[in-house]
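Hi,

Here is the structure I said I would pass on. Please have it open while you read the notes below.

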Amino acid sequence: LDPADGKIYIHGRKDHQIKHMGYRIELAEIEAAMHCLDYVFEACALHTNIGFSRIIAVIASSHIFEDVQFRQDLRKIIPDYMIPSEIHYVPSLPKNSNGKVDRRTLEAQFCQSVR
């Protein structure tokens with residue numbers, strides 16, 4: 001409730017469930033699939049609707065690998081509509097004060113514009 005105008009504004013969901021290509025998806029399910037891959041140390045799945053609906057994977061890995069190979073490995077675990085459309089590699093994922101992945105920092109870095 002906004003005290004200035006008395007209207008209720010809905011800002012979106014508090015959890016990480018998204019609607020992508022007509023499917024309801026838990027981003028944690030994509031993250032769990034990415035963690036199943038031996039070469040992925042840390043992973044975070046993000047979603048943005050800027051421009052069009054995109055799932056973005058941010059990965060800290062033991063070595064550099066091809067995006068094609070990563071997507072092929074993920075397809076063995078999750079359906080095609082859950083495969084990230086963008087993949088970004090970082091040395092390590094930022095953490096907040098609780099030791100959890102700092103999603104806000106990653107969203108500010110990777111979700112703000114259409115690439």
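What follows covers the salt bridges and one loop glycine.

Keep in mind that this is a predicted model.

Salt bridges first. Searching the whole structure turns up five of them.

E42 and K95: their closest N and O atoms are 2.2 Å apart. This pair ties together distant parts of the chain, 53 residues apart. E42 belongs to strand β3 (residues 40-48), while K95 sits in the loop between β5 and α3. K95 has a relative accessible area of 40%, so it is partly exposed.

R54 and E86: this is a salt bridge too, with the closest N and O atoms 2.2 Å apart. Again, distant parts of the chain are linked: R54 is in strand β4 (residues 54-61) and E86 in strand β5, 32 residues apart. R54 is buried, because its relative accessible area is 2% and the cut-off for buried is under 20%. E86 also counts as buried, at 13%.

R75 and D80: their side chains form a salt bridge at 2.7 Å, N to O. R75 is partly exposed, with 43% relative accessibility. D80 counts as exposed, because its relative accessibility is 53% and exposed means over 50%.

Now the glycine. G99 lies in the loop between β5 (86-89) and α3 (103-110). Its relative accessible area is 48%, so G99 is partly exposed. From G99 to E26 the C-alpha separation is 21 Å, and the two are 73 residues apart along the chain.

Best wishes

Definitions and conventions. Residues are numbered from 1 along each chain as its sequence is written. This is a predicted model: local features need pLDDT of at least 70, side-chain atom pairs count only at pLDDT 80 or more; totals for chains, interfaces and linings use all residues. Side-chain values use heavy atoms; hydrogens and water are left out. Helices (H or I, at least four residues) and strands (E, at least two) are DSSP runs, numbered from the N terminus. Buried means under 20% relative accessible area, exposed over 50%, partly exposed in between (1.4 Å probe, protein chains only). A salt bridge is a side-chain nitrogen of Lys or Arg within 4 Å of a carboxyl oxygen of Asp or Glu.
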